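Please open the model in your viewer and keep the selection tool ready. Each stop below gives something to select and then says what is there.

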Amino acid sequence: MASPVDNVALHARLAPERLAAVDLASDLRWSYAALDRDVARCVTVLSLRGCKPGDRVVAIAKNHVLQLILHLACARLGAVYTPLNVRLSGHELSVLVERARPRITIGDERLERRVHEDLVLTELLAALPHAAPARPEPIDPDRPSLMLFTSGTTGRPKGVLLSERNISETALNFTQLARVDRHSRFLGDAPMFHTIGLLSNTRPALHAGGACLLSESFDPAVTLARLADRELAVSHYFCVPQMAAALRAQPHYEPGKLSGLTALFTGGATHAAEAIRTFVREGIAVADGYGMSELGCVLGMPLELSVIDHKAGSVGLSTARVQTRVVDDAGQPCAVGTPGELWVRGETVFAGYYESPEDTRAAFVDGWFRTGDLVKVDDDGFHYVLDRKKDMFISGGENVYPAEIESCLLGLFDLAEAAVVGVPDERWGEVGHLVIVPVHGKTLEPARILAFLNERLARYKVPRFVTELTALPRTGTGKVQKHAIRSLLVSNEAR
């Protein structure tokens, strides 16, 4: 019998009947033995449809365990799994499909058909029992097995190529930071076209022999009920801060419903310190972290309540497996507490951008990946993300970090969303322009907002202009598209 080629195959030998995955929408369940068998069958299905090493396999579907099976099968086959954002328009999807040039495109029959699909998930599910399991071959850990298109917050998305070595390092980092073991159960309802949904919610669990409980999508009421369900026994839940806030806003929210969690893990956006401390006061560990498509998980907070309270607002520490440095514009190390760009080096760092050698070269300096994020590090080694480097602007010679202003505004009553961008100004070079979205049915006076900020921030940080919108433009993963906000403001000024 061949040696195990991945963690699923290993645990299929160590504990074949242990629960590996559950598709919550259909209540289909896989033991490790069953998951290993279906991954091997999926390799056969893909091979019979002409898939070879290096080919892209595109998927456009809501969350399902079959997406996990597809990804693991691509890794064994040598193909590159490429999940696309289900929220994109037909035109946007067609552009990405054309760029990926897939051997096969797999869709979800429950979604509106927006591109040509060679196979739907239900057909794949029906085909698996009739396919002979492919004989496992050793996996080249440095061969890309996954391509994630960046969110496009700055414009044209890039295809991020991740190898199995990169992905395994992400799993190991998160396992070490987040106390993952064979008893861990991850509830995954973040979209599986994103690193949180596809990697953070699955690979650490599979590495340790735990279980993945996958949900179609996030619904605050349903998610809260599942986190409170003692039979599901969810130990790890990863979400963006907006999702955490939505859970607390539920009418039936009680802290005890989250008491079974090892921690509530958050990332992907700024998480206000006071919002974190609100959970901490209820006895719930909120472990903010840092990662991105190109890196996976590289930083995370300790899970001790006293540390979280003391360092609220930090994205935590790196493991010994990852090297980080904070540098100035000349690439020189910054002193403790001095803001600079975060650079990362290690085996978690991605293999490169798909068919974009120039972008790949521009992203690295002497083996260090330039994240584009401005951070500072305190005396204890805790990292604090200040903003995206490109979002920072200079007003009257002072650096202004929009994320700081936005975080301050989270305490303003009747404000649903807010974003700040820098706009040209003859006197100061740049000034802030605040875009707000009031809570539905409420009105907000700009003067009240500016007065609120004037009490809490230096004068140069307070935005000069305020514009109200019905919603902020966001990517499919919830990130605010500030380039779109700037374009909108420019077009409004031109009218």
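Predicted model: local features only at pLDDT ≥ 70, side-chain atom pairs only at ≥ 80, totals over all residues.

**Stop 1.** Select Asp27, in the loop between β1 (19-23) and β2 (28-31). Its phi is near 60°, a positive value in a residue other than glycine.

**Stop 2.** Go on to Asp366, which lies in the loop between β19 (364-365) and β20 (368-377). Asp366 is not a glycine, yet it has a positive phi of about 50°. The relative accessibility of Asp366 is 71%, so it counts as exposed.

**Stop 3.** Select Asn201, in the loop between α7 (195-200) and α8 (203-208). Asn201 has 0% relative accessibility and therefore counts as buried. Which residues is Asn201 in contact with, leaving aside its neighbours within four places in sequence? They are Phe186, Leu187, Gly188, Asp189, Ala190, Ile196, Cys212 and Phe238. Show their side chains along with Asn201.

**Stop 4.** Now select helix α14 (residues 402-409) and helix α15 (residues 446-454), whose axes come within 10 Å and cross at roughly 110°. That angle makes α14 roughly perpendicular to α15, because angles of 65 to 115 degrees count as such. To see where the helices meet, pick Ile405, Cys408 and Leu409 in α14, then Ile449, Phe452 and Leu453 in α15. By class, this contact of α14 with α15 has six nonpolar residues, no polar ones and no charged ones.

Terms used: Residues numbered from 1 in each chain as written. Heavy atoms only, no water. Helix = DSSP H or I, 4+ residues; strand = E, 2+ residues; numbered from the N terminus. Buried < 20%, exposed > 50% of the residue type's maximum accessible area, 1.4 Å probe, protein only. Contact = heavy atoms within 4.5 Å. Axes fitted to C-alpha atoms, helices over the stretch in contact; angles between N-to-C directions. Parallel < 35°, antiparallel > 145°, perpendicular 65-115°, else oblique. Nonpolar A, V, L, I, M, F, W, Y, C, P; charged D, E, K, R; others polar.
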